[in-house]
Amino acid sequence: MKICFDTLPVVSQYSCGRGIGIYAEKLMEYVASQNSEKVILATYNEMKSVNEFDNCEEKPIYFGPKVNDDEWLFLVEELKEYGVRILDAYINQNGIDIFHMPNFTEITFDVSELKKINKTNTIFSATVHDLIPLVYENVYLSTKEKKANYLRKMENLNHLDLILVDSQSTKEDLLRFTSIDEKRIFVTYLGSSLLARPENDIKYLTLEKYKIKKSYLMYTGGDDYRKNIENLIRAFELSGSVVHKNFQLIIVCKLHNKNHYLSIIAKLNLQDKVILTDYVTDDELITLYNNASAFIFPSMYEGFGLPLLEAMQFDLPIATGNASSMPEIVGDAALLFDPINIEEIANSINRILLDEELREQLKKNAKLQKNKFSWEKCAKDTLAAFNTALANKQNILDSLKSKHNTIKAAYLSPLNPDKSGISDYSEDLLPYLSKYFEIDLFTSTEDISNSFLSDNYNVYKYDEFSAKHTQYEVVFYQMGNSEFHMDILKYLRLFPGIVVLHDYNQRVFFDYLGNWKKNSPMNKGFILDNFFLQYGKKGFSYYKQYNDTLCYERKVEFNRLVSANAEGIIVHSDFAKSRLQKFSRMLPVEKVFQATPDYPIKLDKSKRIELMEKYGIKTDDIVISTFGFAIPEKRDHILLESFGEFYSRYPKKENLKLMFVGQLSDVVSEKLEEITKKYQISNNVIVTGWTEMEEFTNLMYITDIAFNLRFPTNGETSACLSRLLAIGKPVVITDVDAFSEYSDQICMKIRYNEFEKEDILSALELLVNNKSERTRLASNARSFMREFCTLEQSAENYYKFAKYILELRNNKQRDRGYTKQELEQTVKVYTQYKNTDCLDGFNDEIVSISEILSRI
């Protein structure tokens, strides 16, 4: 395994000589000693070299000259793109399997940008030592600049293949503050190297230098806020005369605000009793550990707590805080106290210094506990994590390239950057389909934005499909209700396949075929053909009066032109399945639930904070949201009116927010202006406008109640609804068509008739005032999606249906839904009406129904 370490933490002014720098250096040394291949140490330009270790080789990355103390030319913000390319070339040239960064806050590049261009299978990993700035945000992220900088660093974690942490406590914090998959996080405990014993003359020189005249209680570990030194000094003052007579408190660390502590010591009259050493050498530190009576560590938060392990190495009785990682590291080898309670710290000081039986027991326990930690074990666990990450990535690649994928399939679909919901659907599903199919992709452009798909699939433009169609056993046509499916219909009519019909009624798509008055003869022919296939003789009458009102009232439907050339159809609801089978009794139709990724149960705290600040949402606000393009069919204008009326009933509920995530249609926009003025709720309504998919999904997490209303429908299911349910949100839906199939235990349903507004008000009344009901619906929704609507299940159902279609084809049982008598009658009626006035204005460019019939 070719491993490369970023050596910046070993030499940077921030980490060199501190715990993180020591960790980085020891990790490199011990991993190199256990790895079969030589380890690469990536140095930056003219950076000073790290210590020489066996089985290691330094290889510099040239990022240009330094422009200031902290940055090199190609790592400054404006030129980072070039720095990423330089690092990508470095990784490629050296054949690196693992690129590890020992401190995530010192990553100098954008991991997501690197992974977009890097075509190798390299694992990118980093160590997270703690999340102190998030735990004590008011202290460490006190300015917008500090917060933004730290959140940018946190964003890198989402794109890493592997994350190492120093303790289970840090892992739990990472899961609490982020949405990172637990499977990517590995605990690798640290070791300690302070084992040497100096000569006696060093001992006496050290004790004399720091005016240590008595037995002493020792602390070391830094002096920032969470280290709690001020409370330690005050607790020592409370510990009483017996302790003061026999012991001193020695605070061993570099102090950044020494005068502050000296003033506290003076006020408490502890000048001879509390010693501040400031910086000490390694030999002096070892001497002080070696001669201490006990060790105290009052920290309020640690990612690991290396001084605790060092104290155990010297068999010292220990007293420490009962917070974060500290109980995990010391086990039974320490007396625990509440680090916020000064009296409790004082009591622990008394016991750890004066209770001889306790002291002996803790020393005995320390001898056992310290054996659980070593740099050898840290390196071994790190290599195991590296191997696991490599194996997991290889399994994914193998599943994509496996020869076991015996069904060769073409997959025609919009893909991003085409702004279609089906682009997102396909990008989620394709990696799972690859378990069963060897897939080539056909879309509008070869320059798709999803790098995983472009790296692992052949991607062709639609117009290349005609020449390649004979290569495939199965063709999947993803058919939606937008302009992005025009080419898909074109090839479906030429080459039959399996249609995934996302909307039962394709009215919107057929409307797109052109403005009705300006339509080309071919497009008008499409519409006429559909009417005739769908309704026979009656279809000509519908064709004559075709307009939006007719469609809005759901008197006509469009899908027969799509289904006519389908070998089989996949739909997402029983509603769509039953309607299709009503028109085409013998057409194979399979219901496959609309699946979603297994979304994390919560959003990264950093992203939540960022979004709430962006849209002016406060912590105690109740956010009611609707997602997607706001149009009358989604009843957003009715929801807005209902919200205004509900708000007027409860004027004290200023924390209510109605959020429209997406653009507003003209109708809804006009209604917004009218309603906000009428009910004086302009400060309670948020309109995000169009957002990128990541932000779109993240806004679902900060939503408390979601509305996903429809009337009339096109027989569709809703990807937004599926996401909301998968994330675990209470959703109010319209009791109509496919939406009626959801259980009342999962969603709250409202009527779409004259009672619609009344039902919306009732839903708001219940869900705003009853958090337990929101929780119940959310929990049921998430459970339902995880049990029945996974991507794995969808892929397996695609495969089973494709096998069924292949069996029908092989047995010559393929039928697209017509009996012989129906076909003969269709031809007869079509011929009868072909030359009537309803076809005036058409010419021979029409793609006629007879062409379709001749291929059936």
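The largest nonpolar core of this predicted model comprises 94 residues, and those with the most contacts inside it are Ile3, Met218, Ile251, Tyr289, Phe295, Ile296 and Ile349. Apart from it lies another core, of 39 residues, among them Phe104, Val111, Val128 and Ile180. In soluble globular proteins, nonpolar side chains tend to be buried together.

Charged side chains form another part of the picture, for the structure holds 37 salt bridges. One of them joins Glu356 to Arg359, with the closest N and O atoms 3.6 Å apart. Both residues belong to helix H17 (residues 356-369), where they are three residues apart, about one turn of the helix. Glu356 is partly exposed, at 44% relative accessibility, whereas Arg359 is buried at 9%, a value under the 20% limit.

A salt bridge also links Glu641 and Lys678 (3.4 Å, N to O). Because Glu641 lies in helix H30 (residues 636-649) and Lys678 in helix H31 (residues 666-679), the pair ties together parts that are 37 residues apart in sequence. Glu641 is buried, with a relative accessible area of 12%, while Lys678 is exposed at 52%. These two residues belong to a network of salt bridges that also includes Glu645, Arg649 and Lys757.

Within helix H36 (residues 791-810), Glu796 and Lys800 are four residues apart, about one helical turn. Their side chains meet in a salt bridge (3.4 Å, N to O), and Glu796 is partly exposed, at 33% relative accessibility.

Note on methods
Residues are numbered from 1 along each chain as its sequence is written. This is a predicted model: local features need pLDDT of at least 70, side-chain atom pairs count only at pLDDT 80 or more; totals for chains, interfaces and linings use all residues. Side-chain values use heavy atoms; hydrogens and water are left out. A nonpolar core is a set of buried Ala, Val, Leu, Ile, Met, Phe, Trp, Tyr and Cys residues joined through side-chain atoms within 4.5 Å. Buried means under 20% relative accessible area, exposed over 50%, partly exposed in between (1.4 Å probe, protein chains only). A salt bridge is a side-chain nitrogen of Lys or Arg within 4 Å of a carboxyl oxygen of Asp or Glu. Helices (H or I, at least four residues) and strands (E, at least two) are DSSP runs, numbered from the N terminus.
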